[in-house]
Amino acid sequence: MQGRQSFRGQIAGVGSSSGTRVVVGRWTSSPFGAFADVMLEQADGHRVLLAPSPEVAGFVADTYVFDEVVVGPVSAAVTLGRAGSPEGSRWDVRAGELVARFTVGGRAPLGRVLRAVPGRVGDSTAFATLVGPVARVVLRGVRTRGQARSGRREWYAAQDLHRVTSLSGRWRGTELGTLAPVDPPCRFGFSSTPRTPGVTRVVTTVESLG
């Protein structure tokens, strides 16, 4: 794929007391349609991509860095909270040997700020570029624009942010343990998710130059 490709949806980033950090993408609109994928980094630094199809796996692995790629069914089912609110919702994630469940709490202060930005502005690569210096200072490990693999450029335009309040699950037969910060930052690309576990509503733009 050449040119700019947009992925609209949510990114959930959680750490665990076992040291495994999990990043779930739940995309409602993309060049591949609606899908979910998982990027996982073990405590020993081993990085795994869990993708639902060879096409998604190829694109994501060409954009980020992994030690292992697993193709198979990936689901991220969300049960919304009261009155359809993200607050109080539950994510049930199944991907290969990963089973994870986490609950979503209230909107973070930064989420309230992002919600105030008009949609067309907040979706844009210009907005992602503008807020980059602020994100670098406020959110450890987070970058809103940068150079990806294969000569690609990437922008993250965040629109909302909710905290994650609990986690349970297993990875390859071992319990994930309890919820913990995403620390150290994940090493899939130029940016990690925020250190505080959360769900970010985002438009990700990937530009392929050749």
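How much space lies in the second largest pocket? I put this question to a predicted model, and the value I found was about 230 Å³.

**Entry 1: the pocket.** I next listed the residues that line the second largest pocket, of which there are 17. Those closest to its centre are Gln10, Leu80, Pro86, His162 and Val199. I then looked up which elements give two or more residues to this lining, and they are β8 (98-107), β10 (153-171) and β13 (198-208). Sorted by class, the lining of this pocket holds seven nonpolar, five polar and five charged residues.

**Entry 2: the protein as a whole.** I recorded five helices and 13 strands. Of the 210 residues in the protein, 48% are buried. I also examined contacts between residues at least 6 apart in sequence, and 59% of these join residues at least 24 apart.

**Entry 3: the nonpolar cores.** In soluble globular proteins, nonpolar side chains tend to be buried together. I therefore looked up the largest nonpolar core, where a core is a set of buried nonpolar residues joined through side-chain atoms within 4.5 Å. This core has 23 residues, and Val24, Val38, Trp91, Val93, Leu98 and Phe102 have the most contacts inside it. Two or more residues come from each of β1 (3-16), β2 (21-29), β3 (35-41), β4 (47-51), β6 (74-79), β7 (90-95), β8 and β10. The largest share, four residues, is given by β8. Apart from this core lies another, of 21 residues, which includes Met39, Val56, Phe59 and Tyr156.

**Entry 4: valine 24.** Which residues is valine 24 in contact with, leaving aside its neighbours within four places in sequence? I found Gln10, Ile11, Ala12, Asp37, Val38, Ala76, Trp91 and Val93. Among these partners, Val38, Trp91 and Val93 are also listed with Val24 as residues with the most contacts inside the largest core.

**Entry 5: the strands around β8.** I followed β8 to its pairing partners. β7 and β8 run antiparallel and are joined by six bridges. They form a hairpin with two residues between them. In the turn, I noted that glycine 96 has a positive phi of about 55°. β8 also pairs with β10, again in the antiparallel sense, over eight bridges.

I then read across these strands at valine 99 in β8. Arginine 94 stands opposite valine 99, and valine 99 also stands opposite arginine 170 in β10.

Note on methods: Residues numbered from 1 in each chain as written. Predicted model: local features only at pLDDT ≥ 70, side-chain atom pairs only at ≥ 80, totals over all residues. Heavy atoms only, no water. 1 Å grid on protein atoms, 1.4 Å probe; cavity = no way out; pocket = protein on both sides within 12 Å on 5 of 7 lines; lining within 4 Å. Points joined across faces, edges and corners; volume = space filled by probe spheres on them. Nonpolar A, V, L, I, M, F, W, Y, C, P; charged D, E, K, R; others polar. Buried < 20%, exposed > 50% of the residue type's maximum accessible area, 1.4 Å probe, protein only. Contact = heavy atoms within 4.5 Å. Pairing = 2+ DSSP bridges.
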